[in-house]
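Hi there,

Here is the structure I promised to pass on to you. Have a look at it first, and then read my notes below.

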Amino acid sequence: MPESGPALGVGRRILRAVAIAATVPYLTLKSAWLAGSHLGIPDGSDLLGPGLILPLMNALSLVMDSGVVLLALVLTRPRGLRVPARLLTVPVFAATGLLTPIVLGYPGQLLVAALGSGPDAAERAAREPFLEPWVFNVVYLGFIVQAVALAGLFVPYARQRWGRRWQGRLGERLPPSTGVVAGAAAVMALAVAAAYVYWGFGGTAGQNPTQIARYSSDSGVVSVAHAICALAAGAGSVWLARGGSRRARGPLAVAWIGSSATLSWGMWLAVALLGAGSGPDERPTAATVLLYAAQMIIGLLAVTVLTRFLAARRAA
């Protein structure tokens with residue numbers, strides 16, 4: 001294993017500083033909310049309701065975003081190359097997964113708004129209050145900056161530490177059992193993507209009244225982003241399992257991003273269901289529960305293919 005880290009030039013120093021600075025708005029807001037502040041939360045918001053689920057979610061997300069600071073340091077310190085692979089790849093995988101739909105969705109929402117198809121002021125005012133609009137702008141821009149900066153730090157790190165595993169051609173087809181796993185991931189990804197696209201364009205079957213009432217072009221864009229991630233997980237799995245003369249880094253990147261986003265958000269959305277209301281209009285539908293479960297299964301199947309591919313290359 002290399003004993004020294006990659007040369008830390010000016011660019012990587014800047015990226016490290018940017019990644020750390022980009023966490024400040026989110027960490028500040030979460031800390032304030034946990035301390036009892038209502039900063040950015042309008043009167044009547046569900047975030048002000050009783051119960052422990054939302055404070056626990058705030059605490060969990062605070063810890064998770066704090067991990068970005070640790071990752072930025074690990075990826076730029078010489079000792080970072082000696083960190084056990086699993087201790088590093090798991091948080092990087094989770095960070096990739098949680099940030100990817102935001103990187104896709106938020107610019108998509110801005111584009112839809114710029115084209116005049118987004119919700120107008122009257123429509124926004126008619127909805128139940130949740131968060132002040134400036135909160136979303138500050139937080140999501142911070143997340144996108146974090147994603148770009150971490151990617152810029154992780155690629156040179158991975159090139160030095162594991163470059164031989166993701167460079168070159170895909171090579172031989174993986175065993176038939178892995179092909180079956182990849183095929184299952186692809187089929188499920190098509191079904192999940194179809195459901196998300198249907199909801200994204202205003203379909204209401206399988207949703208409760210609260211979901212239907214909260215639909216907007218913004219939520220539609222988010223649904224389409226989840227559909228894209230699911231398709232990436234399925235496609236990446238099939239590419240890796242089939243092998244061939246294609247360069248490995250493209251399919252690996254697609255499988256990594258798709259599986260991480262589908263698995264991470266499936267888990268996050270499933271956990272969020274614990275905080276859903278118990279009223280008849282808020283109770284999660286069976287379709288919603290199945291959709292989130294299917295996301296997690298697709299992610300796990302794709303991770304299985306990804307792991308077997310990397311193991312085969314290590315053995316070779």
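**What I found**

Val 10 counts as exposed because its relative accessibility is 62%; exposed means over 50% relative accessible area, buried under 20% and partly exposed in between, using a 1.4 Å probe and protein chains only. Please keep in mind that this is a predicted model, where local features need pLDDT of at least 70, side-chain atom pairs count only at pLDDT 80 or more, and totals for chains, interfaces and linings use all residues. Residues are numbered from 1 along each chain as its sequence is written, and side-chain values use heavy atoms, leaving out hydrogens and water.

Val 10 lies in helix α1; helices (H or I, at least four residues) and strands (E, at least two) are DSSP runs numbered from the N terminus. Together with Ile 14, Val 18 and Val 145, Val 10 makes a nonpolar surface patch of about 320 Å².

Now to another valine: Val 222 is in helix α9 (residues 217-242). Val 222 counts as partly exposed, because its relative accessibility is 33%.

Of its 316 residues, 40% count as buried.

Enjoy exploring!

Key: Patch = residues over 30% accessible without salt bridge, like charges linked within 9 Å, V, L, I, M, F, W, Y side chains within 5 Å. Areas by Shrake-Rupley, 256 points an atom, 1.4 Å probe, with all protein chains shown as cover. Salt bridge = Lys/Arg side-chain N within 4 Å of Asp/Glu carboxyl O.
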